[in-house]
Amino acid sequence: MKKWSICFSVAAAMTVASCFVVSSVYGLSAAYESNIYNPKDLKPTDSILKVAKGDPAPDFSLPSVAGGLITLSSLRGKNVVISFVPAAWTPVCSDQWPGYNIVKEIFDERNALLLGITVDNIPTLYAWTKQMGDLWFPVLSDFWPHGKAADSFGVLRSDGMAERAIFVIDSHGIIQYIDVHDINSRPSLESIVNALDAIVQ
Amino acid sequence: MIRFFKIALLIASVAIFPFTEVGIANPPEAGEVFRQLKLPFPEKKEHRQYLGVKKGESFLIRDIEADVVIVEVLSMYCPFCQVEAPKVNELFSMIQSDGNLNGKVKIIGIAAGNSRYEAEVFTQKYAVQFPVFPDADFTIHKMLGEVRTPYFIGIKNEGKKSRVFYSKLGAFGDTGDFLKQLISMSEIENQGVSK
């Protein structure tokens with residue numbers, strides 16, 4: 001009996017363990033076929049947050065793919081959702097912003113702007129986001145000084161990429177929601193919507 | 001003890017079969033018997049009526065009241081699926097308005113990696129009328145060989161089993177031509193459906 005118990009325990013342990021080594025199945029859109037570099041599963045998070053809910057958001061001025069600089073503090077009066085993603089041309093990131101691209105009204109209805117940020121340079125971001133169609137929200141480059149904005153929030157990883165993180169900042173510039181997500185998976189859209197709804201209410 | 005470890009290995013292999021890299025199914029191929037998918041009973045009445053599935057917790061593709069089922073694997077986050085959505089809607093409308101096809105050819109969507117909310121966002125955004133089933137944890141997607149999106153699978157129900165007659169990635173081009181191709185490949189015209 002004891003042997004059978006051990007047998008099933010081993011089987012269960014192997015089954016559970018296997019759930020953590022499945023391949024990443026994001027980046028599955030045919031839009032990127034052959035263009036996506038798959039870094040495989042990475043350490044889920046690799047940084048220490050420097051901000052907390054209730055803190056003023058660190059200010060930054062970053063160049064936009066569309067041209068010009070965008071300064072966070074100049075957006076007061078609007079709720080702001082910041083979507084940090086690790087890197088262009090990687091699996092999960094490539095299947096994240098295109099989803100936001102079809103829900104502009106969800107952000108509009110909640111007086112919210114969306115800013116997409118990576119640590120890539122402008123030419124790379126230009127080529128990558130072009131595959132996504134015309135994005136309605138600004139895409140900002142945190143390339144130089146490398147990852148300065150990400151680091152000010154505490155979401156710059158030790159390899160120079162940003163975390164996959166969502167910050168929701170209210171119209172007064174105060175951080176109201178933080179999700180430093182497992183880099184290997186995509187935050188759900190409803191988590192962002194719920195965070196915005198909590199502010200709007 | 002080694003014998004018990006071997007048994008443990010066997011049990012684990014079976015338990016994780018569709019979910020491991022080794023166990024991920026291959027994409028369906030035309031001509032092969034379709035490995036049935038278990039789908040949740042549709043929440044919306046119109047979808048239950050459309051599919052003609054009997055009440056229960058789940059149903060299989062072969063349970064759908066249709067000779068042919070077109071499965072689109074899509075994602076709210078996939079730009080090509082977004083572009084293709086109006087064309088798939090057109091396909092749906094063409095089938096529904098054709099007296100020979102209405103009721104015999106049906107479409108379902110599998111929203112790979114999408115939560116229920118995200119799948120609903122997609123269907124609302126593009127006014128999709130056919131049922132789209134969320135597959136948040138990619139379970140179904142893995143069973144379909146982790147195909148890229150949008151991906152179309154044509155399945156012909158043959159009693160207790162179903163057979164794949166079409167399996168292809170990407171946009172399908174002209175909607176009318178695609179429908180003709182589906183009818184031709186499924187050979188349902190031999191059953192009284194005109195091309």
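Biologist: How many helices and strands are there in chain B?

Modeller: This is a predicted model, where local features need pLDDT of at least 70 and side-chain atom pairs count only at pLDDT 80 or more, while totals for chains, interfaces and linings use all residues. Residues are numbered from 1 along each chain as its sequence is written, chains are lettered from A and ligands numbered from 1 in the order in which they are written, and side-chain values use heavy atoms, without hydrogens and water. Helices (H or I, at least four residues) and strands (E, at least two) are DSSP runs, numbered from the N terminus. Along its sequence chain B reads α-β-α-β-β-α-β-α-β-α-β-β-α, and the totals are 6 helices and 7 strands.

Biologist: What percentage of the 195 residues in chain B is buried?

Modeller: Buried means under 20% relative accessible area, exposed over 50% and partly exposed in between, with a 1.4 Å probe and protein chains only. For the 195 residues of chain B, the buried share is 52%.

Biologist: How is α7(A) oriented relative to α4(B)?

Modeller: Axes are lines fitted to C-alpha atoms, for helices over the stretch in contact, and angles run from 0 to 180 degrees between N-to-C directions. Helix α7 of chain A (residues 189-200) packs on helix α4 of chain B (residues 116-125) at about 90°, and the axes are 8 Å apart. Under 35 degrees counts as roughly parallel, over 145 as roughly antiparallel, 65 to 115 as roughly perpendicular and the rest as oblique. Therefore α7(A) and α4(B) are roughly perpendicular.

Biologist: Which residues of α4(B) meet α7(A)?

Modeller: Contact means heavy atoms within 4.5 Å. From α7(A) come Leu189(A), Glu190(A) and Val193(A), and their partners in α4(B) are Tyr117(B), Glu118(B) and Val121(B).

Biologist: Which residues of α4(B) are buried?

Modeller: The buried residues of α4(B) pack against α4 and α7 of chain A, and also against β3 (68-74), α3 (79-96), β4 (105-112) and β5 (132-135) of chain B. They are Glu118(B), Ala119(B), Val121(B), Phe122(B) and Thr123(B).

Biologist: Where do Tyr166(B) and Phe178(B) lie, and how many residues apart in sequence are the parts that they tie together?

Modeller: Rings of Phe, Tyr and Trp (its six-membered ring) pair if their centres lie within 6.5 Å, with planes under 30 degrees apart counted as stacked, over 60 as edge-to-face and the rest as tilted. The ring centres of Tyr166(B) and Phe178(B) are 5.4 Å apart and the planes are at 70°, so this pair is edge-to-face. Tyr166(B) is in strand β7 (residues 161-169) of chain B and Phe178(B) in helix α6 (residues 175-186) of chain B, so the pair ties together parts whose separation in residues is 12.

Biologist: Is Asn101(A) buried or exposed?

Modeller: Asn101(A) is in the loop between α3 (97-100) and α4 (104-108) of chain A. Apart from neighbours within four places in sequence, Asn101(A) has contacts with Met132(A), Asp134(A), Leu135(A), Trp136(A) and Phe137(A). Its relative accessibility is 16%, so Asn101(A) counts as buried.

Biologist: Which ring does the charged end of Arg186(A) sit over?

Modeller: A charge sits over a ring if NZ of Lys or CZ of Arg is within 6 Å of the ring centre and within 35 degrees of the ring normal. The charged end of Lys106(B) sits over Tyr50(B), 5.7 Å from the ring centre. For Arg186(A) the distance to the centre is 3.6 Å, and the ring is that of Tyr77(B).
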